[in-house]
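Subject: Two-chain model, handover and notes

Hello,

Here is the structure I promised to pass on. Please open it alongside these notes.

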Amino acid sequence: MSRVDPAGFNRGPLTRWLPVLGQAAPEPPDARPFETRASDTPGRFVVRVIFSIPRITVPAMLLAITWQVGESAVPVVMGLAIDRALAAGDAGQLLLWIGVLVVVYIVLTMAARFTGRLNVTALQLLQHRLRTTLSSRVLHPRHTTVRPPDGGVVSTMTNDVARVSFAVLLLTMSISRIVSIVFIAVSLLVVHWLLGVLVLVGAPVVVFLMGMLSRRLSRSTREYQDLLAATVGRASDLVAGYRVIKGIRAEAEATRRYRQASQETLVGAKRNAAVLGRFLVASGVVNGVFVAAVTGLAGWFAVDGQLSIGGLIATVGLTQALLPQIEGIVGASIPNIASSQASAARILEALGNACPVGSGADAPAWSAGAGTDASERSPDAGVLDLRVSGVPHRVAPVELVGLRADDRTAALVAAALLDPHAERAPGIEIRLGGHPVERLTPAEYHARVTVSPHRMTLFSGTIRSNLTSPSGPSSSADRLDAAVRAAACDDFVTDLDALVGENGNRLSGGQRQRVALARALATDTPILVLHDPTTAVDSVTEQVIAERLREVRSDRSILLIASTPALLSCCDRVIDLTSATPEAAGDASERTVA
Amino acid sequence: MSAAAGTNTAAEPGLPIASGRETGRELWRLSRGHRARLAAIGALGVGGAGFGLTFPLVTGYLVDRVQTGTADLGVVLTVTAVMVAAAVVGAVGSAVTIVLATRTYHTILAVLRERLVGRAMTLPQHRVERAGTGDLISRSSDDVTTVADAAPAVIGAVTTTVFTIIVSLAGLVALDWPYAAAFVVTLPIYVVGMRWYLRTGPQVYRAERAAMSARAQQIVESQRGYATVIGFGLAEQRHHSVLRASWGVAVQAARARTVQSMFNARLNCAECLSLATVLVTGFLLIQAGSSTIGAATAAMLLVLRLLEPINQLLLVIDVVQSAAASLNRIVGVTAIPDAESSEPGAREPAMTGDASVRIRRVTFRYGSGPRVLDDIDLDIPTGQHLAVVGASGAGKTTLAAVIAGVHPPETGTVTRPERTAVITQEVHVFAGTVRENLTLSAPDASDREIRQALNTTGASAILDLLPDGLETRVGSGGHQLTDAQAQQIALARLLLFHPQLAIFDEATAEAGSTQAGLLDRAAEAALLGRTGLVIAHRLSQAAACDRIVVMEHGRITECGTHDQLLAAAGVYAGLWAAWEAGRNVREVE
C-alpha cells in the first residue's frame, strides 16, 4: 500500500485508499454563455443564474437542510439524554441516547461534507459560465463592439462574478437555516404551544433587528475598506514610480504623502471599530433578552407543572440551537442578497456596453477553425486600399510602404486598420482586395492582415511563447530566428525560452518594443501593419532595424506607419499625409512639423 | 544555513524576510506605548467571557430548583433578571475588549506600513534595483492588506475565543472537576486534527491563491493588451487561456473545500466524543450522588458553548498564519538598519562645489558579469550639454546611473554637483492631481512658479485640455495622460526642483513620432542654464547638444562637437547620413 496519500491530502493509512468525491475535472467544461435580455433587472438576472443548475442546487439544498437540522438536533438530543438517562438513572437509556448522538453526528457530518462539495461545484460552475459570457462578449468580442473593455472588466470578471455566484448559497444555506428555525419552532410547539409561538414570532423580529444593526456596520466596514484600498493603492503607486521619485530626490515628500493617507485610514479603522462595538453590544443584548425570555417562560411553565423537567432542558437546548441559525441569516444571507444584486448590475452594464441591440447576444462561444475560407486568395486579395480624406493610396503585394502623418492622423489610420468594425473617423476608408473591410468577418480580416499596435503588450510567458501563435501554422525555427534578428533582438535574446515577466517587466522598454516587433515579423499574413515600432529604440539600433527590415519581409507587404527618418528611408515609397487630415482628426494646430 | 533561509539564494538577491522571533521583538517594541491598554484588554476579555458563564450556571440552578420543587415565580423572575443583566454586562465587556483591541491592532499596523514605505524610499537605490520594485510593491500592498484583513480573525481568536475557552474550562472545574477532566481527555483529537490541518491546509490554500492570481493575470493581460489581441487576431486563443485559468481556480477551490470538510469531520468527531463523555460523567456522578441534574445541564451547556469558539479558532489558524508570514515580510524591510547605505563598495559620488561632472578611470560591472563600463574618462564643464550616442548595450544607461549615484563604480572616481536630477524613459504618472504630481519635487512651490515651469516646458497647453486644469486627477483611476504629456509634466517637475545637473536617459523616447519634436524642445528648455547629460534617442537631440560622445562596448569611441564628428567620418557621421536620407524621402506616386 502506498505510504503517501495519492490525492495529496495527507490522509492516514486507514482512509487514504478512499476515493475523494466532488473534485473538479481537470479540463474546463464546455460552458454555454448566459443570455441577457433587455428586460433583465439585476434581481431577475441573479435569479436566472442561480436557478440554472437545479441538478446541483436541489440535492445541495436537501443535504444542507439535513445538515442544519442535524446541528439543531444536537442540543435537543443532549437535553433528552439528561432527562431520560441521567435523571432516571437508566444505563440502557444512556447507551441508547449516546448511540442517537453518534448517529446524528455521522449524518450531519456526511451531509455537511457533501453540501460543501456541491456548493463549491455550483459556485465554480456558475462563475465559469459567467466568465465565459463576459470573456466571449466583452473581453474577447467576436462581434462588433462599441468600445474596448476598460480596466473595470478585470474586477467584474473576478469579484463581481464571484459575488453573483455566491447568491446560489441563498438556495442552499439560507433555505436550510430557515427550515431549521422552523424545525426548532415546531419542536417547541410540541413541548408547549406558547414557547413555539414565541420563537415563531420572536425569531423574525430578532433577525429584523439584527439585520438593521448589521446594515450600518457593513456600510461603515465598506467605507473603511475603501480607505484601506486607497492607502494600499497609494503605496503601490509610489513604489511603482520609485525611479521617478529617486530621480528628483522626492523621497521625503513621497513618504509624507503616504503617511497622510495611512493616518486617514487609521481614523477610518477606529471609526469602524466603534460602529462594530455598538453592533456587538446591541446584538448581545437582543440575543440575551430573547434567550432569557424563552428560558424564563419555560422555567415558569415547569414550576407551574405544565412542563416536565425534560421539557425544560430540551427547551434550553433548542434556544441554544436557535442563535447560530439567526446569526447565519443575519451575517451571510442578508448581505448576500444586496451584494449579489449590486454585482449583477455591474455585469449587466459591462455586457450592455459591449453588445448594442442584440448583435451577437446569442453568439456561440469561440470554436476552432474559424475563418478558413479567408485563405482562398484571389489574385489581388493582398491589395490594401486606403482612402484618407478622399485621396486614395494603395499598398500593392510585396511592397514596403511608409506612411508619414501627424500623430493624430497616424493613430486614427492605425485604429481603423486594427479593428475594421470599430467606430472610425469618417474620413478614412479601407478596402482589402477591393472589398470594404467592414464587410469581412474579424476572422477573415485577421487571416490576411496583422496589425502591430504602437501600445503593444507582451503576454507573460517566454519570448518564444510571445513570438509564436498556436493558431498560426508557421513558427519554424528559421522564421523565428529571422524575425528576432530583423528586430535587432539578437543582442539580448540569447535564450528564446527566457521569461519576459508580467507585462514584459523583465525587459527594458526598448527590448519590449523590439520583441513586439519580432512578434509582428514572425507572423505570416500577406499584409503586416506596423505602427511606430521603434519609438523606444535608440537611433543606432533603429538604423540596424531599418536595414534588416527590407531583407525579412520576403513575400508580404508591409505598411509602416512612422515618421522617424531612419525607418522611412528603407521603404520602397512613402505616403505623406502630413498635409491631409481627415475631418475628425481635429484642429490643425495639433499637428507639428516633422 | 537552515533550509528556509536557503530559499533566498544569492541568485535572486531579494529584500530580507524577518524571522518570527525578529518580528515578535519588533511587535513588542512597537507595543511600548500600548501596554497598559493591552493589560486592560486582557482583564476586560476575561471579565466579559466570565459573564458568559452566567447563563449555563443559572440555568443549571433553575433546573435544580424545579427538580427539587423549591422554585416559585420569584425564583424564575430572579433567574431571568440575572440572565438579562449578565447578557448586557457581558456584551458591553466583550464589545469594549474588541474595540480596544481593534484600535491597537490598526494603530500598530499604521506605524508598520508607514515605516515600510519610508524605509523603501530611503534604501540605497542599487539595492532596490537588484531586488526589483515588484517585491516592494507586493509587500506594501498585498502584505499590508493581508495583515489588515486578518484583524477580525486575530482579534476574535485572542479575545473571545481564547478567553471563552479559558473561562468555560474554569466553569467546568467549578461545577465539578470530573466534567473538566472529561472534556480535557478529548483534546488529543483536536491536537491531531489541527496538526493534520496545518500540514495539509496551507499548501492547498496556496495553490488556490496562486490559481486565483494566475486567473487575474490572464484577464488583466487580455484587457491591457486588447489592441495586440485584436491586431494579431488572438481573441480566440486568449479566450481559451482565460477560461483555462478560470477553471484552474475551480479545481483548486474544490480541493480547498475538501480539506475544510475533512477537517470539519475531525472536529465533529471530537465534539461528539466530548458530549458523550459529559453524559457518561454526569451519569456516573449523579449515580454516586455527587452531582445534580442541574449541574449536568450546566456542564452540557458549557461544553456546547466551548465547541463553537474552538472550531472558530482552528478555522482561522491559516488566516493568522498567512498574516504572520506577511508581517515577517513587512518587518524584513522596516528592520533594515540605516547604516546599510555605507556597505562596503557603496561609495556615494563626491560632490563638486560647482555644477560640473568629472569622471576618472571608471569601470563598472553588474555582479560578476562582463565590464559594462571600461575605463571611462569624461568631463562635463558647468553649463555644458553633453549627448551620449550608442547602440543598446553600449553602456549609456549604466554611465548615467553611475553618475547619478545609483550604482557605485567598481574602480575610479565620479564627482558631480549635489542637486542632480534624473529623468528616464520610464514614465509614471502618480495618482492624484496634476498639481500634486508637480509639487512632489517642491512641496512649497507657489502657483506662479508652477505656471512658469509649465510654460517653459510647453506643458501649459496640456492643462487647457484637462477638465479641471491643475486640479484634474490623473494617473491610475484618473484622467489618462499620453506618455508624451506625462513626460512634459515630468520635465516641469524637474524644473521646480532646480537641479544643477540634469540627466535625461532617453527621457523623450516614448513620444509618438511627431510629438518627438515638441518633447525635444521641452527638454532643451528644461536644460537651459544647467549642466546636462543627454542619453540621446534621436540624432536631432544629439546634434542640438554642445558635445557628443559615441559609446561602443563600454568605451567612448568618438568625442567632439556635431561638426567635428561629421568631419571625422566615423560611426556618428554614418548614422547622421542615414537619418538625413530618411528625412528627405518624399512620396513617389
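Predicted model: local features only at pLDDT ≥ 70, side-chain atom pairs only at ≥ 80, totals over all residues.

Residues are numbered from 1 along each chain as its sequence is written, and chains are lettered from A and ligands numbered from 1 in the order in which they are written.

**Chain A overall**

Chain A has 16 helices and nine strands. Helices (H or I, at least four residues) and strands (E, at least two) are DSSP runs, numbered from the N terminus. Of the 594 residues in chain A, 51% are buried. Buried means 20 or more other C-beta atoms within 10 Å of the residue's own; exposed means 12 or fewer; partly exposed is in between; C-beta atoms are placed from the backbone. Take the contacts in chain A between residues at least 6 apart in sequence: 80% join residues at least 24 apart. A contact requires C-beta atoms, placed from the backbone, within 7 Å.

**The A–B contact**

Chain A puts 144 residues into the contact, and chain B puts in 153. On the chain A side, helix 8 (residues 251–304) gives the most, with 28 residues. That side has 74 nonpolar, 48 polar and 22 charged residues. Here Ala, Val, Leu, Ile, Met, Phe, Trp, Tyr, Cys and Pro count as nonpolar, Asp, Glu, Lys and Arg as charged, and the others, Gly among them, as polar.

A:Val294 is found in helix 8 of chain A. A:Val294 counts as buried because it has 21 C-beta neighbours inside 10 Å. Leaving aside neighbours within four places in sequence, its contacts are A:Leu195, A:Leu198, A:Val199, A:Thr315 and A:Thr319. A:Leu194 is 100 residues away from A:Val294 along the chain, with 9.8 Å between the C-alpha atoms.

**A helix pair in chain A**

Helix 2 (residues 54–86) and helix 5 (residues 168–191) of chain A pack at about 35°, axes 8 Å apart. Axes are lines fitted to C-alpha atoms, for helices over the stretch in contact, and angles run from 0 to 180 degrees between N-to-C directions. The contact of helix 2 with helix 5 in chain A has 14 nonpolar, seven polar and one charged residues. A:Trp67 is among those from helix 2 of chain A, and A:Phe183 is among those from helix 5 of chain A.

**Chain B**

An automatic or database domain assignment divides chain B into domain 1 (18–175 + 316–342), domain 2 (177–290) and domain 3 (350–581). The C-alpha centres of domains 2 and 3 of chain B lie 53 Å apart.

Chain B has an open sheet of six strands, order 6-9-10-4-11-12, with mixed pairing. Pairing needs at least two DSSP bridges between two strands. Strand 6 (420–424) and strand 12 (555–560) of chain B are at the edges with a single partner strand each, so one side of each has no neighbour in the sheet. The twist averages 15° from one strand to the next.

**Two backbone points to check**

Most residues other than glycine have a negative phi. A:Asp532 has a positive phi near 40°. A:Asp532 counts as buried, with 25 C-beta neighbours inside 10 Å. B:Arg361 has a positive phi of about 50°. B:Arg361 counts as exposed, with 11 C-beta neighbours inside 10 Å.

Best wishes

How values were computed: Contact = placed C-beta atoms within 7 Å.
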